[in-house]
Amino acid sequence: RYNPAAAATNSEWAATMDYNFSMGKMVELPQTFTLNGEMKISPHSALGLRTNTYSRMEGDFKRNDLNLSYAYQWKLSKKEKAATLAFGIESGISIRPAVYSTHFGSILGTKKFLNLNTGILFYLPNQKFYMGISAKDMLQPYRFVLNQYPYFFYYIHYQAIMGYRFKIGEKLSLQPNLLVTKIFNNLLDNSYDAIDANLQLQHQKWDAGLSYSTQQFIGINAGVCIAKRLYLRTSYNYITLKLNQYKQISNINFMLAYRSLK
């Protein structure tokens, strides 16, 4: 959704507001609020600015990010429907708390850290097919030593997405897509892996879809053009995994976006 390499590929400028929250029988549920803007500055390049706030409902954990991005895009041929190859880079600052502990797991306390986060991204769309890859949170410290105790912090995020649009009518199309995520900490030698599949029915004025993740959630989503160039989108995900306090969790997302015509 916020791949800087894709900035302004189908508009001169765009602005997006995104709010995400969770409900269910869990002690600490997260919520996020994101503002994202992007604008073409030349026929082949665009700038983007994104701010993100992540917090738990109780307010004991809060993270703030501010990122600036640049994208360079060029057509692979002079044909009108030729694919566009885009390269993007983003960098910014993050203020994140860290909970540090002893080797035996006893919590010593928390401390906020200011760090540089950097991402490299690629995007390749044409009229029917698109794919993208990204690596985020690449340049940052991984280990903190506080009160003589080590704390391992931050993970590199890798993602790849691909989708295809099948036309099934004059105004309707069917679009399956696949998202592969890997979050890896090379110091602790552990990772989080997920494959998300989505099937979307698209109209010129609305769309609706179903999704499934190997991380054991199912979801529905829908979007509609509520005014000229103004779009509203919502999604609902239900986590099927049931483990003690993590059972019966659902996630709701609302997004409002405005795009200028190219």
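Lysine 136 and glutamate 90 are joined through their side chains by a salt bridge with an N to O distance of 3.8 Å, the term denoting a side-chain nitrogen of Lys or Arg within 4 Å of a carboxyl oxygen of Asp or Glu. Because lysine 136 belongs to strand β7 (residues 129–136) and glutamate 90 to strand β5, the pair ties together parts 46 residues apart in sequence. The model is predicted: local features need pLDDT of at least 70, side-chain atom pairs count only at pLDDT 80 or more, and totals for chains, interfaces and linings use all residues. Residues are numbered from 1 along each chain as its sequence is written, and side-chain values use heavy atoms, with hydrogens and water left out.

Glutamate 90 also forms a salt bridge with arginine 50, at 3.0 Å from N to O. Arginine 50 is located in strand β3 (residues 45–56), and 40 residues separate it from glutamate 90 in strand β5. Both arginine 50 and glutamate 90 are buried, glutamate 90 with a relative accessible area of 5%; buried means under 20% relative accessible area, exposed over 50%, and partly exposed in between (1.4 Å probe, protein chains only).

The structure holds 5 salt bridges. Among them is the pair of aspartate 193 and lysine 182, whose closest N and O atoms are 3.0 Å apart. Aspartate 193 lies in strand β13 (residues 190–202) and lysine 182 in strand β12 (residues 173–185), 11 residues apart in sequence. Aspartate 193 is partly exposed at 38% relative accessibility, and lysine 182 is partly exposed at 34%. Shared partners join the salt bridges of Arg50, Glu90 and Lys136 into one network.

Aromatic pairs number 5 in the structure; rings of Phe, Tyr and Trp (its six-membered ring) pair if their centres lie within 6.5 Å, with planes under 30 degrees apart counted as stacked, over 60 as edge-to-face and the rest as tilted. One of these pairs, phenylalanine 87 with phenylalanine 122, is tilted, with 5.3 Å from centre to centre and 55° between the planes. Phenylalanine 87 in strand β5 (residues 84–101) and phenylalanine 122 in strand β6 (residues 107–125) are 35 residues apart.

The protein has 0 helices and 17 strands, taken as DSSP runs (helices H or I, at least four residues; strands E, at least two) numbered from the N terminus. Of its 262 residues, 37% count as buried.
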